[in-house]
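Please keep the sequence and the model in view while reading.

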Amino acid sequence: MTEGKCHICGNHGPLTKEHVPPKKAFNECPMLNFGVDPTATKAAGELRFGMKSRTQGHYRPTLCRECNNRTGAKYGQEYVQFAKCVAECRIPPGDFGAVSFDGRPAAVAKQALACLCSTSGPGFSEQNPLVRKLILSRDYRCKPPDVSLYFYKRVLPGGHHTGVAGGLDLQSGSTRVITETSQWPIGWVLSWSDNPIPRLTNVTHWLEMEYKQTGARGLTVHCLWTCTGLPLDYRTPDEVIRDAAVSAERH
Ligand SMILES: [Zn+2]
């Protein structure tokens, strides 16, 4: 079993496989993972990429058993129900529609934070103690200063995870620090800014809701492309091809 630092509580020890997002939230299909190969990178002394096949969805050895069980048991079921609501809402690519959810929004938001911790490295929760506390305590609720949580519906199957990165909003030209993780049908973005991100649904207030409170009606949700896997890049395939052609002309 892999040993290391748990991405939520920060304790060092054996790490269990954490499905990101929960397995039943459309994360149990075979898939190919493309990303930095840490072993090859270390051996070569420069960035090397590699491909790994997964037979049961996307998972990582990121959480200690206690944190894995804690998040799975408390928040996982609610998250699965929310993912089904988003999946069943028919929104044409690039368009928007309305999603309603009868379950517990606070549980969904806490699971989303757990997913973002898993994909953002072991130092993430340490540097964001209120995010850690929101996950570890079911009844704790707050809005961490200058932190906003958003989601969107993915057009494309599969998923992507940016880790903590600088994101450029291509529509407004503004930059911000974010971390993003997605797996069809949902993408999550945590932004260290209260400036709204165009087209993303702001659900930061879910972090302040009582755990037992139910219902989120009529959420406006955009169905966005994630062709490049870059943070906050929701250009359509035509826009990506057009921009690539313009860039090639300049060089
Ligand atoms: Zn832990």
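Helices (H or I, at least four residues) and strands (E, at least two) are DSSP runs, numbered from the N terminus. The expected span of a helix is 1.5 Å times one less than its number of residues. The model is a predicted one: local features need pLDDT of at least 70, side-chain atom pairs count only at pLDDT 80 or more, and totals for chains, interfaces and linings use all residues. Residue numbers start from 1 along each chain as its sequence is written.

Helix H6 (residues 237–250) spans 20 Å between its first and last C-alpha over 14 residues, close to the expected 20 Å. A residue is termed buried if 20 or more other C-beta atoms lie within 10 Å of its own, exposed if 12 or fewer, and partly exposed in between, with C-beta atoms placed from the backbone. H6 is hardly covered, the count of buried residues among its 14 residues being 0.

Helix H2 (residues 65–88) has 24 residues and reaches 32 Å, close to the 34 Å expected. At Tyr 75, H2 bends by about 50°, the bend being the angle between axes fitted to the seven residues ending there and the seven starting there. Buried residues of H2 include Thr 71, Tyr 75, Tyr 79 and Phe 82. An α-helix has 3.6 residues a turn, so residues three or four places apart point the same way.

For packing, axes are lines fitted to C-alpha atoms, for helices over the stretch in contact, and angles run from 0 to 180 degrees between N-to-C directions. The axes of H2 and H3 come within 8 Å and cross at roughly 110°. H2 is therefore roughly perpendicular to H3, a term for angles of 65 to 115 degrees; under 35 counts as roughly parallel, over 145 as roughly antiparallel and the rest as oblique. Among the residues making the contact are Tyr 75 and Tyr 79 of H2 and Lys 110 and Ala 114 of H3; contact requires C-beta atoms, placed from the backbone, within 7 Å.

Helix H3 (residues 105–119) also packs against helix H5 (residues 129–136), at about 125° with axes 9 Å apart. That angle makes H3 oblique to H5. Lys 110, Leu 113, Ala 114 and Cys 117 in H3 meet Val 131, Leu 134 and Ile 135 in H5.

Cys 142 lies in the loop between H5 and strand E8 (148–154). Cys 142 counts as exposed because it has 12 C-beta neighbours inside 10 Å. Beyond four places in sequence, Cys 142 is in contact with Leu 130, Leu 134, Leu 207 and Glu 208.

Note on methods. Contact = placed C-beta atoms within 7 Å.
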